[in-house]
Amino acid sequence: MPENTAIQPLLLISSRTNNKNPVNMVVIHIARLILLVCLLVAPLRAAEVAIIIDDMGNGLEDHKAFSLPVEITFSILPHAPYSTRFAREAAMQNREVMLHMPMESLRGRRLGPGALTAEMDAEHVQMTIESALASVPNAIGLNNHMGSKLTQLTLPMSITMDVLKRNGLVFVDSRTTRYTKAQSIADAYGVPNARRHVFLDHHRDEARIREQVRTLVNRAKKYGSALGIGHPYPQTVNILMEELASLSDQNVTLVNISDYLDLQDDVTRPYQVANQSRLSAPQ
């Protein structure tokens, strides 16, 4: 919410002070005082931060991420050695999981099993997503792994959103290209969705990761909410444990993806759409 929204009632009252009737002036001053008191004593709504840890499931070394707060959502690769095990273990923690769906990249990078590619027809896309979801039990939705090519294409994204809509699932756009169409197509299909704002560990340097975590928190404090994506690197897990410990002191709340989507309002979303050409990392 813009910072000056809260004082608009006071400005409205001030604009009506031309009437010099003494009784009216007393009423106006009393109203001003009441509003000021309300503004001073009312608790400020905490900003919300959501974090997704991507690329879970390839190896046991990723298990250290389970020590992170349960509000942090895991996005698990399909058909990986530990996909199903990690999904079930997360459920025992009451931690949300998503499917980290491999999608074709402009760079032609190796996608791994269960990937979506541009040459697939509608039936193949649907079957691939459903098979991937079966390997990640209890997934609440999906976000894209890579996908700088596929998320620009209307047909595969439309099929993807149709599958999500029919299954009551959500979508998070990892935004690996500024030209992504994924979120706008999700909107068209009525799929609850959000977008990544900050990559936490695109560079694995510890100082840079810490800086990115603080950037995420500051963005949330400025705009009300923010979503970050990281990976189960040891340095990322350690820095998150350190930095997240001070969130409550900053009037910031860590939330899972479901709560993050529920908390989105009409102020946050227009900002996201207006800035959809920014903050992308090609993959």
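This is a predicted model: local features need pLDDT of at least 70, side-chain atom pairs count only at pLDDT 80 or more; totals for chains, interfaces and linings use all residues.
View 1. Residues are numbered from 1 along each chain as its sequence is written, and side-chain values use heavy atoms, with hydrogens and water left out. Helices (DSSP H or I, at least four residues) and strands (E, at least two) are numbered from the N terminus. Of the 283 residues, 48% are buried, meaning under 20% relative accessible area with a 1.4 Å probe, protein chains only.

**View 2. Helix α5, residues 154-166**. The end C-alpha atoms of α5 are 18 Å apart, which agrees with the 18 Å that 13 residues should span at 1.5 Å a residue; the expected span is 1.5 Å times one less than the number of residues. Just after α5, look for Gly168, with a positive phi of about 65 degrees.

**View 3. The buried residues of α5 and their neighbours**. Among the buried residues of α5 are Pro156, Met157, Ile159 and Leu164. The buried residues of α5 pack (contact means heavy atoms within 4.5 Å) against β3 (97-103), α4 (122-134), β4 (141-146), β5 (170-173) and α6 (182-189).

**View 4. The lining of the second largest pocket**. A pocket is an open set of points on a 1 Å grid over the protein atoms alone, where a 1.4 Å probe fits, with protein on both sides within 12 Å along at least five of seven lines; lining residues have an atom within 4 Å of a point. Here there are 20 lining residues, with Asp55, Asn58, Leu77, Arg110 and His145 nearest the pocket's centre.

Notes. Buried means under 20% relative accessible area, exposed over 50%, partly exposed in between (1.4 Å probe, protein chains only).
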